[in-house]
Amino acid sequence: MEEKKFEKLVNDLKNLSKIETPDNFEFLLQNKINNFIEKEFPETRRNFNLIPIFAFTSIIVILFLIFQPSDEYVDPLQIEPQMREDLIVYDEDLSISAFSEIINDSFIESDTSPQNFKNNQESYTNKIIETENNVSNIKNITISKEELNFVKPLLSEEEIKKVQALKKKILSDMN
Amino acid sequence: MIEQDLNSLTDEDLIIIFQQNNNERAFEILVKRYKNPLINFVFRFLGDYESCVDVVQDTFIKVYRYKNVYSDIAKFSTWIYTIASNLAKTEYKRKKRIKLISISQKSDDERPIEIKDNQLRPDKSLENLFKEEQIQQALLKLKIIYREPVILRDIQGLSYEEIASILSIEVGTVKSRINRGRRKLQKLLKHIYKD
């Protein structure tokens with residue numbers, strides 16, 4: 001009923017001229033889409049473009065820091081070890097006791113008869129003075145860098161002679 | 001995919017291919033299929049050819065931009081008409097605001113209808129052209145809530161269900177609005193439809 005009432009109008013509406021898009025519609029649309037893409041993602045694109053540049057620059061800087069050319073090149077194997085003064089301890093009591101032992105030994109070995117006692121006493125007194133001098137000498141000894149890495153016995157000339165004599169004796173006994 | 005295969009696909013298949021593979025050719029086919037129906041709809045709604053071209057282009061840009069928003073639960077035609085309808089309404093409101101602040105304002109009756117020369121068909125008589133102009137003027141005088149369903153139904157030939165989805169209203173409301181719209185149109189064009 002209602003449809004019939006508006007039949008003519010509906011018919012005319014259906015037959016209205018069909019409007020069409022302009023010929024360059026697609027071209028304009030493509031331009032608009034390209035503009036939109038450029039506006040929408042410029043940051044992202046720029047960032048993506050910069051990633052390889054950043055990576056390359058970082059690698060160059062790191063390599064430069066690692067293999068930095070230097071005129072003051074020092075071979076680490078040739079560097080002398082630094083002296084660690086905190087580890088050099090001089091034990092005075094131990095040195096004195098060591099020398100007193102030597103003195104005692106010489107007492108045992110020496111002649112103890114009353115005739116020679118006075119002479120011996122003098123010689124012992126001399127020895128004590130000599131020993132004290134030795135001790136004071138030892139106290140004044142400074143340890144050089146070369147000696148840091150080795151256990152080097154501190155012997156007087158007399159002691160060295162004794163050691164050598166002992167060595168000769170041992171060698172002759174062995175032969 | 002081969003050109004011929006793409007052309008034989010439905011709108012829904014094409015938009016899914018465009019979503020998944022970013023296949024520009026699928027988008028181009030959709031543009032080809034919908035550019036004229038949309039321009040017809042928007043032109044009848046706005047009555048201004050230049051504005052309607054812009055609105056339709058913006059509609060396709062939105063489709064391009066928000067292609068992933070489309071879900072295959074709805075028809076593609078419904079989705080694209082909804083976008084075009086919203087953009088057309090925005091443009092209509094914008095133009096109305098501009099018209100309000102315009103100093104040299106003509107009345108609606110004085111405003112000529114803008115139909116491009118190349119759109120005129122030689123087989124149409126002057127009488128028909130005059131009638132078309134009258135109908136277009138009458139359509140523009142209708143309130144939006146009546147104008148839109150009448151155009152979608154009687155000019156675009158969409159179903160009541162499709163119109164209901166596009167306008168987000170009940171089918172019953174669509175029918176009653178179309179009925180009232182036609183009645184108002186007929187009243188405005190009483191010199192043409194005398195009986």
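Two residues are in contact if their C-beta atoms, placed from the backbone, lie within 7 Å. The model described here is predicted: local features need pLDDT of at least 70, side-chain atom pairs count only at pLDDT 80 or more, and totals for chains, interfaces and linings use all residues. Residues are numbered from 1 along each chain as its sequence is written, and chains are lettered from A, and ligands numbered from 1, in the order in which they are written.

Chain A has seven helices and zero strands. Helices (H or I, at least four residues) and strands (E, at least two) are DSSP runs, numbered from the N terminus. Chain B has nine helices and zero strands. In chain B, 32% of the 195 residues are buried. Among contacts in chain B with a separation of 6 or more, 62% join residues 24 or more positions apart.

Two packed helices are described by the angle between their axes and the distance between the axes. Axes are lines fitted to C-alpha atoms, for helices over the stretch in contact, and angles run from 0 to 180 degrees between N-to-C directions. In chain B, helix 3 (residues 24-46) packs on helix 4 (residues 49-65) at about 140 degrees, with the axes 9 Å apart. Helix 3 of chain B is therefore oblique to helix 4 of chain B. Angles under 35 degrees count as roughly parallel, over 145 as roughly antiparallel, 65 to 115 as roughly perpendicular and the rest as oblique. Residues of helix 3 of chain B in this contact include B:Phe27, B:Val31 and B:Lys35. Their partners in helix 4 of chain B include B:Tyr49, B:Ser51 and B:Thr59. The contact of helix 3 with helix 4 of chain B holds 14 nonpolar residues, two polar and one charged. Here Ala, Val, Leu, Ile, Met, Phe, Trp, Tyr, Cys and Pro count as nonpolar, Asp, Glu, Lys and Arg as charged, and the others, Gly among them, as polar.

The axes of helix 7 and helix 9 of chain B come within 8 Å and cross at roughly 95 degrees. Helix 7 of chain B is therefore roughly perpendicular to helix 9 of chain B. Their contact includes B:Arg147 and B:Arg153 of helix 7, and B:Arg177 and B:Lys184 of helix 9. It divides into seven nonpolar residues, one polar and six charged.

Definitions and conventions. A residue is buried if 20 or more other C-beta atoms lie within 10 Å of its own, exposed if 12 or fewer, and partly exposed in between; C-beta atoms are placed from the backbone.
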